[in-house]
Amino acid sequence: MAVAFDEMNIPGGDLRPAYQELARWLKETPPEALEYRRQEAELLFRRIGITFAVYGEAESTERLIPFDVIPRIMSGKEWALLEKGLKQRVRALNMFLRDIYHGRDILRAEIVPDDLIFQNPVFRPEMNGQQVPHDVYVHIAGIDIVRVDANDFIVLEDNARTPSGVSYMLENREIMMRLFPDLFARHKVAPVERYPDELLSALRSVAPLSASGEPTVALLTPGVYNSAYYEHSFLADKLGIELVEGRDLIVKNNEVFMRTTEGVKRVDVIYRRVDDDFLDPLTFRPDSALGVPGLMSAYAAGNITLANAVGTGIADDKAIYSYMPDIVKFYLGEEPILKNVPTWRCREPKDLAYVLDHLSELVVKEVHGSGGYGMLIGPAATKATIEAFREKLKREPEGFIAQPTLALSTCPTCTASGLAPRHVDLRPFVLTGSKSTTIVPGGLTRVALKEGSLVVNSSQGGGTKDTWILDE
């Protein structure tokens, strides 16, 4: 594997400009003072109770996501390029979703194969011809970005269903400001605090036409047993909106109401953190106790906006991902600003043959996988694991894609033996309303805490960092 791009140090001993002030500060700060603040940060996170649940672990269901106190820093110029690329990509994603549920020009142009859409388990035929307010399907996108050199930003995956993690971005910043005011004073860091206001105004802007002057927004959660429940309650609180479960909502005459202490109140926009399958037992899974019976008929009647729209899972699909450069060119007539990782589609015999021959050097992912589960990292896997995966691949090749193993960039990170480089990625959150697309400067930096590890997912032992965009 190539040597990873170091975001702080230039080969030969120089520092990248964005990190010069941090390097000076680190020189002046004794290691024990840093360690003391690291422990203090952990204490604060425990006190606030920011945890996430890990499914399938018998001994512990709630875990603290480890937080690394050394910020990841990016120059304003780098951010400007990334921001432009993110806006371009999300615009194309929204146009793609509108098209596959309406005119299907992209299928007629034979850019994306029909069967990849129609035989896809996350394609929702119920959405065919369904108008969504202002043609916005993906109101909140979490686009995972990695770097392998100083010039390019590469998209690792698009999260267009119910992207999570933004509460950590906000909490990380709050804790850093509290514990490191001296470090903040030496930098001009662009603020992230306005995310809740921007999210609320984006959600209100896409309310149905029949909504009242001040549309009512509610956040729909699967409930306390969901792994991201902390984030649901955190966001509802920050946005000043009601946190509701399916049982708190009722549908009457194709309108959605929530039960409140003062009686029922109409809801115009639902920021839903419940997957399509569970939204409405009358349309999707009849055994779902998390949804609202009749919600889809209110949606079809145009009386409620769901954010994100139903059927956006198709844009999350990792086989669709491989067509994104073509999708951007098709709808926008522009070259993609953000690169894609070269991807072999195992559904294609030629690609499959190559992948089977090179399993020990590739990363193989499930097309609908998430959280770092169900993937093979060839260079780090045992022979037995590779052989077991080979059988799985032969059985259902259409369920997988493969990519080269990327040397993700590194940032300085606190470890037991002092500061050391660890691999990172970045999830910026892109908000699309009726009039504009906005991105707060930064996002959630995830860091692989194990030495040499490339897996940054919190469920696999990754941690997070505060992300500083310098306001130049």
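**View 1. The two assigned domains of the predicted model.** The domain assignment, whose bounds come from an automatic or database source, gives domain 1 as 83–142 + 198–332 and domain 2 as 342–404. The C-alpha centres of domain 1 and domain 2 lie 31 Å apart, and their contact (heavy atoms within 4.5 Å) takes 13 residues from domain 1 and eleven residues from domain 2. Residues are numbered from 1 along each chain as its sequence is written. Because this is a predicted model, local features need pLDDT of at least 70 and side-chain atom pairs count only at pLDDT 80 or more, while totals for chains, interfaces and linings use all residues, and side-chain values use heavy atoms, with hydrogens and water left out.

**View 2. The area buried between the domains.** Domain 1 and domain 2 bury about 910 Å² between them, 51% of it on carbon and sulfur atoms; buried area is the accessible area (1.4 Å probe) that two parts lose on being put together, summed over both. Of the area that domain 1 buries against domain 2, K318, S322 and Y323 supply 52%, more than any other three residues.

**View 3. The salt bridge of R347 and D115.** R347 forms a salt bridge with D115 (a side-chain nitrogen of Lys or Arg within 4 Å of a carboxyl oxygen of Asp or Glu), and their closest N and O atoms are 2.6 Å apart. Between domain 1 and domain 2, the count is one salt bridge.
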